[in-house]
Amino acid sequence: MRPALGVDLSGALNLVGRMVKYFSVAFLFPIAVGLGYGDPIWPFAAAGAITAAFGWGLERFTKGGESIGAREGFLVVSLTWALSAFAISVSYMFGEAQLRFPIDAYFESMSGMTTTGASVLTDIPALNHTMSLWRCFSQWLGGMGIVVLSLAILPRLRVGGGRALVESEMPGPEYEPLASSIRTTARRLWLIYVGLTGLMILILSIFGWVGIDDLMSPYQAAAHAFTTLPTGGFSPQARSVVPFAAASQWVMIVFMVLAGANFALHYRILRKRFNPLRDEEFRAYIVIILIASLLLFIELLRSDIYSAGETAVRQSVFQVVSIMTTTGYASADFVKWTVLTSLTLVAVMLIGGCAGSTGGAIKVARHVLIGKLLRRELDQTIHREVVLPIRLNGRVVDERTLRAILAFGVIYVGLFLAGTLVLTIDAARSGLDVTVLDALGASATTLGNVGPGFGFAGPFGSFDPFSPFAKVVMIVLMWAGRLEIIPIAVLLTRRYWRA
Amino acid sequence: MEGNGASRRVLQEAGIKETDLVIACTSRDEVNIVAGILSERLAPEARTIVRTQNVEYLEVWRERQLDVDFVVSSELETANAIARIVGIPAARQTDVFAEGQVLMVEFDVPIGAEPNQTIGQALRNAVIPADSKVASIIRGDRMIVPRGDEAIQPGDRVIVIGSPAAARAWSGIFAQGRVRANDVVVFGAGDTGVAIARVLLEEGTLVRVVESSPERARTVAEDLPDARVFNATAMDADFIKRENIGTADAAIFAMQSDEKNLYAATLAKIHGVALTVAVVTEPASAIVLERAGVDIVINPRMVTAEEIVRFAHDPRIRQMAMIEGDRFEILDITVREDSQFLGKPFRDLPMTGSLIGAIVRGDTAIFPHGDDMLLAGDRAIIFAEAARVRQVERAL
């Protein structure tokens with residue numbers, strides 16, 4: 001006899017169906033853009049219709065659960081993400097010759113939704129306006145989270161486990177509510193997100209209009225705002241943001257830093273005039289950015305890549321901010337720099353943005369807490385009886401959370417190394433020239449939702465040369481990285497499914 | 001009579017309406033508060049004093065959300081008393097008057113103290129820190145009126161009234177090299193222990209707390225981010241050694257059991273702690289601990305009683321302290337216009353077993369000399385034998 005199922009599978013699938021159904025509304029955006037630019041709209045209409053039908057069908061043939069709990073939440077979030085990315089990949093398969101092959105299309109859409117920014121395209125300018133903007137828009141959709149979005153705007157999505165869903169989707173060790181209800185919290189987060197995006201489009205458009213940056217059309221402004229705020233990194237340009245003026249790049253730096261900071265902190269700054277430097281995580285975030293930038297700056301001068309001046313400063317800061325916030329733009333081909341700069345960038349790739357930001361990777365808060373844990377361990381080695389609660393911003397972090405953070409760190413690094421190993425073995429099997437640094441970079445960049453890697457997968461390169469198997473591995477890494485591994489990892493345990 | 005103080009009927013039967021003063025000091029905070037509030041309602045004329053242990057109720061009262069006349073927290077009073085003692089080396093007890101301008105300090109002169117310009121000299125020749133007076137010398141069980149030909153001897157207990165600077169100077173004379181305690185270990189993280197740790201931390205002292213219950217240790221460590229909390233027992237000699245407890249300037253024992261406090265204090269002494277202070281639960285234990293060599297024994301009930309008596313006394317008296325159990329009192333009393341001592345120089349005032357240590361005129365403290373005079377409205381800070389307190393009150 002089969003043991004009883006402990007998860008409300010039908011209820012979970014029902015909710016997934018409902019969210020996928022509503023997700024089809026997103027396809028109205030490229031349809032509207034396509035009508036404006038006179039590009040073909042049928043790929044989007046078809047993909048939207050298929051998505052709606054699939055979602056409707058899934059909802060129709062399953063029974064809605066009375067209450068979706070934390071347990072079902074993991075399944076709902078994992079599946080919703082996998083299916084939403086799939087829905088977008090359908091429009092790529094229909095509408096873009098370079099993405100005809102399903103694994104390529106799924107890689108591109110997963111990279112978009114998870115705000116990674118790695119691409120298998122080899123000729124980005126060949127995309128039409130609509131497809132290019134849609135690709136950027138998919139990052140914007142994924143940035144703040146589609147479950148959070150659903151909770152914020154869908155009136156009929158009243159689920160008991162809203163909190164569990166948001167916790168699975170929101171990056172960071174602890175979910176910080178901005179209001180007593182999940183819906184209000186979700187709305188406030190999205191409001192800040194939309195507001196910052198609008199502000200960035202406005203500033204960049206003005207730069208284009210007054211002639212500070214001739215290339216910065218409103219279209220380019222929108223495309224880059226859509227990929228900056230979610231720390232995505234897609235760009236309609238072949239050479240990322242290199243062609244844009246220094247002023248535009250500085251604006252991007254500022255907005256990348258904002259996107260990589262905790263959105264709950266933005267709320268407190270706006271509403272309560274909170275001084276962000278009083279936040280421990282934000283302080284650490286800024287300090288790490290400054291130190292890494294300085295390191296890069298010195299190395300760039302030392303190896304005569306740039307001479308001292310604004311360019312050298314901008315190139316160092318831009319690359320560090322872009323990689324650390326896991327955006328993945330490039331204002332220079334950093335692959336051609338030195339080993340030390342590459343290692344520095346891989347290091348900040350593993351740090352990532354702040355908790356509650358749109359950035360990926362391990363997150364600054366976890367690093368701060370792991371650092372405190374290590375310090376406590378050393379202290380207790382000498383002083384066996386000392387009792388040391390660990391605090392963040394003066395608030396005690398409970399031991400269970402700390403254990404979860406340590407476990408996350410170990411799983412993250414484990415998955416990163418496993419990914420590196422698999423990619424290296426696969427490259428050897430398929431005769432691809434992948435160095436250790438390239439494999440480390442590819443694994444870290446996909447797991448951390450950063451974007452560019454090293455070698456041929458550098459910022460101006462493409463992930464296309466990887467074998468289909470390697471691409472599938474990286475799709476899984478991106479998916480797992482975006483949801484911070486645990487919601488997906490628990491699905492693989494027997495205890496999750498058993499009653 | 002016998003009955004529940006929180007019962008209206010009992011209070012009425014006790015004649016609450018005709019009462020001038022109600023003191024609620026049972027061992028349960030909540031009962032005291034209910035009794036206090038009831039009395040305030042039943043007899044608005046009477047003054048009500050409520051004793052609580054928990055500092056929180058005191059805070060509530062200070063925010064005027066508890067309708068009684070006076071609240072005294074035994075935890076906080078005890079904590080303050082201890083903080084004053086560890087703040088002035090060699091001091092056994094310290095009381096503060098006139099918003100901190102005048103201090104009364106009781107010192108023990110070490111038995112092996114070397115004679116110097118102060119110790120062993122006739123008082124008229126001895127070097128006495130400015131702005132201070134020797135109020136009394138206690139030698140064995142005898143109290144000596146400090147006349148000019150008396151000398152402070154090793155082993156004496158000396159009571160001094162003076163400015164804070166003078167108190168520190170005296171402390172320097174008696175402590176002979178010992179400095180203000182900067183590193184204090186508190187054993188026992190009960191409510192009293194935590195209150196002590198809190199007061200010390202506020203003064204910038206380095207505080208270590210030792211607590212045997214793991215859960216309690218964790219809670220306290222969370223509540224006191226600046227203290228270092230250890231989960232260990234005070235009887236663990238290995239622990240005392242490993243953590244160098246012996247190098248602490250002072251150790252305070254605030255555990256529930258007086259026996260444990262005694263054992264732990266002795267152990268700490270063995271390991272070299274300079275000053276041991278124990279907070280006793282049973283008043284009867286005080287003498288035992290003192291005889292056994294604990295440097296200072298604090299009885300929270302005594303400290304609280306002092307605070308209550310201060311409030312309950314003559315309305316002209318702002319503050320008073322009890323010394324040596326209740327043998328002496330320090331009065332802070334405002335001089336009446338018809339006082340018989342007005343306009344007389346100090347050297348002509350009769351010796352009545354009491355001594356005017358300081359006067360507060362306007363906002364400043366004056367440490368009077370022979371030709372100073374008392375004026376109406378002066379606040380006089382007076383050291384008096386308990387038996388003479390009434391007499392002094394009448395005379396002024």
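## Where the chains join

Let's start at one residue pair: Val386(A) stands opposite Phe230(B), which belongs to E11(B). The model is predicted, so local features are given only at pLDDT of at least 70 and side-chain atom pairs count only at pLDDT 80 or more, while totals for chains, interfaces and linings use all residues. Residues are numbered from 1 along each chain as its sequence is written, and chains are lettered from A and ligands numbered from 1 in the order in which they are written.

Strand E1 of chain A (residues 386-387) runs antiparallel to E11(B), and 2 bridges join them. Strands count as paired if DSSP finds at least two bridges between them. Helices (H or I, at least four residues) and strands (E, at least two) are DSSP runs, numbered from the N terminus.

The contact draws 12 residues from chain B and 8 residues from chain A; two residues are in contact if their C-beta atoms, placed from the backbone, lie within 7 Å. On the side of chain B that touches chain A, helix H7 (214-223) and strand E11 (228-231) of chain B each supply at least two residues. That side of chain B has 7 nonpolar, 1 polar and 4 charged residues. Here Ala, Val, Leu, Ile, Met, Phe, Trp, Tyr, Cys and Pro count as nonpolar, Asp, Glu, Lys and Arg as charged, and the others, Gly among them, as polar.

Which strands make up the open sheet with mixed pairing? It has 7 strands, in the order E1(A)-E11(B)-E10(B)-E9(B)-E12(B)-E13(B)-E14(B). E1 of chain A and strand E14 (296-298) of chain B stand at the edges with a single partner strand each, so one side of each is left without a neighbour in the sheet.

Within this sheet, strand E9 (residues 183-187) and strand E10 (residues 206-211) of chain B run parallel, joined by 5 bridges. Phe187(B) has Val210(B) in E10(B) as its bridge partner. H7(B) packs on the sheet, touching E1 of chain A as well as E10 and E11 of chain B, and its direction makes about 175 degrees with that of E11(B). Angles run from 0 to 180 degrees between N-to-C directions, and axes are lines fitted to C-alpha atoms, for helices over the stretch in contact.

## The parallel sheet of chain B

Chain B also holds an open sheet of 3 strands in the order E1-E2-E3, with parallel pairing. Strand E1 (21-24) and strand E3 (70-73) of chain B are at its edges, each with a single partner strand, so one side of each has no neighbour in the sheet. The twist averages 15 degrees from one strand to the next.

E1(B) pairs with strand E2 (residues 47-52) of chain B over 4 bridges, in the parallel sense, and Ala24(B) stands opposite Val50(B) in E2(B). Helix H4 (residues 74-87) of chain B packs on this sheet, touching E2 and E3 of chain B, with its direction at about 60 degrees to that of E3(B).

## Chain B overall

Chain B has 12 helices and 19 strands. Its C-alpha atoms fill a box of roughly 65 × 60 × 35 Å along the principal axes. Of its 396 residues, 44% count as buried, that is, with 20 or more other C-beta atoms, placed from the backbone, within 10 Å of their own.

How values were computed:
A residue is buried if 20 or more other C-beta atoms lie within 10 Å of its own, exposed if 12 or fewer, and partly exposed in between; C-beta atoms are placed from the backbone.
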